[in-house]
Amino acid sequence: MGTAEEFLDEDEFDARPFKDELDHKPLDRAMLGAFAELVVGDGGGPVGDLGCGPRRVTAYLRSLGVPAFGVDLSPEMVAVARRGHPGLRFEVGSMTALELLDGELGGVAWYSTVHTPPELLPTVFAEFHRVLALGGHLLLAFKAGDRLRHLDHAYGHDLSLDIYWTSPEQVAGLMTEGGIAVTARLVREPDEQERPRQGRQAYLLARKAPATR
Ligand SMILES: C[S@@+](CC[C@H](N)C(=O)[O-])C[C@H]1O[C@@H](n2cnc3c(N)ncnc32)[C@H](O)[C@@H]1O
């Protein structure tokens, strides 16, 4: 086990805005810490950081002793992640069709569904259900609310990006319908960095339930 710092080295500008963010978010670290403890306590199976972005959560989980690897839709994000931590596994892939075996892992989707239209969430959760081991743990972080914001410019680049705020009750309901039982939920107020635009932040800890029939 090492410190998060060891696992998240200095990088090019892409990763920098995210690098120290968790240091200022004790409740986020608490949810990740509880998730890590549950995974390690159950034998520490591999954990997919699904939609890993520049790797901040993959690196943080590794620092907690969780054998995490990252998957992201964006080859550029995967390149940033690999460059920052060449020793770790990062792959290009989609949460809607993961190149992973059935029942292979535990998972984290840390703010990765924020670009997913709500009508596609059942597809994503069906895929999470497929790749999770029975009893495997899942941690989902997202922006709580009910709105959509479109960006044409961010992080110094022109782009086209939708960001969704979704209701924790609705997301928990979809996960439960998909056979992933919610075991804990946290909704916190925005911190100073997130205020005034971001609003409340939601975290659902869940577990793949046995089939009921
Ligand atoms: C807001 S970022 C969060 C990144 C990282 N999880 C974090 O918290 O730092 C969302 C990430 O999800 C990725 N993503 C979006 N849709 C995806 C999909 N269908 N499959 C895999 N990754 C996806 C994006 O490329 C982006 O890196």
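Close-up 1. A nitrogen atom of the ligand lies 3.3 Å from an N or O atom in the side chain of Ser94, in a model that is predicted. For a polar contact, the pair of N or O atoms must be within 3.5 Å; within protein, one must be able to donate a hydrogen and the other to accept it, and residues adjacent in sequence count only if both atoms are side-chain atoms. Backbone atoms take part too: a polar backbone atom of Met95 is 2.8 Å from a ligand nitrogen, and a polar backbone atom of Leu73 is 3.1 Å from a ligand nitrogen. Taken alone, the ligand exposes 600 Å², of which the protein buries 86%. These areas come from the Shrake-Rupley method with a 1.4 Å probe; for residues, only the protein chains shown count as cover.

A short note on reading these views: residues are numbered from 1 along each chain as its sequence is written, and side-chain values use heavy atoms, with hydrogens and water left out. Because this is a predicted model, local features need pLDDT of at least 70 and side-chain atom pairs count only at pLDDT 80 or more, while totals for chains, interfaces and linings use all residues.

**Close-up 2. The shell around the ligand.** Which residues come nearest to the ligand? Of the 16 residues around it, they are Gly51, Arg56, Asp72, Met95 and Trp110. Sorted by class, the shell has 7 nonpolar, 7 polar and 2 charged residues. Here Ala, Val, Leu, Ile, Met, Phe, Trp, Tyr, Cys and Pro count as nonpolar, Asp, Glu, Lys and Arg as charged, and the others, Gly among them, as polar.

Close-up 3. Arg56 is found in helix H4 (residues 56–63). Helices (H or I, at least four residues) and strands (E, at least two) are DSSP runs, numbered from the N terminus. Is Arg56 buried or exposed? Arg56 counts as buried because its relative accessibility is 14%; buried means under 20% relative accessible area, exposed over 50%, and partly exposed in between (1.4 Å probe, protein chains only). The side chain of Arg56 makes a polar contact of 2.5 Å with the side chain of Glu21. Arg55 lies in the loop between S1 and H4 and is buried, with a relative accessible area of 1%. Its phi is near 90 degrees, a positive value in a residue other than glycine.

**Close-up 4. Gly51 and Tyr111.** Gly51 sits in the loop between S1 and H4, and Tyr111 in the loop between S4 and H6. The two are 60 residues apart in sequence and 7.9 Å apart in space, C-alpha to C-alpha. Gly51 counts as partly exposed because its relative accessibility is 22%, whereas Tyr111 is buried at 15%. Phi of Tyr111 is near 60 degrees, a positive value in a residue other than glycine.

**Close-up 5. Strand S1 and its partners.** In strand S1 (residues 47–50), Val47 and Asp49 point one way, Gly48 and Leu50 the other way, and all are buried. S1 runs parallel to strand S2 (residues 68–72), joined by 4 bridges, with Gly48 opposite Phe69. From S1 the chain crosses through H4 to S2 in a right-handed β-α-β crossover. Right-handed means that, with the strands pointing away from the viewer, the path from the first strand over the helix to the second runs clockwise. S1 also pairs with S4 in the parallel sense over 3 bridges, and Asp49 has Val108 as its bridge partner there. Two strands pair if DSSP finds at least two bridges between them.

Close-up 6. How many residues of S5 (residues 137–143) are buried? The count is 7 of its 7 residues. His137, Leu139, Ala141 and Lys143 point one way, and Leu138, Leu140 and Phe142 the other way. S5 pairs with strand S4 (residues 106–110) in the parallel sense over 4 bridges, where Trp110 has Ala141 as its bridge partner. The chain passes from S4 through helix H6 (residues 121–131) to S5, again in a right-handed β-α-β crossover. With strand S9 (residues 201–208), S5 pairs in the antiparallel sense over 7 bridges, and Leu138 has Ala206 as its bridge partner.

Technical notes: Near = heavy atom within 4 Å.
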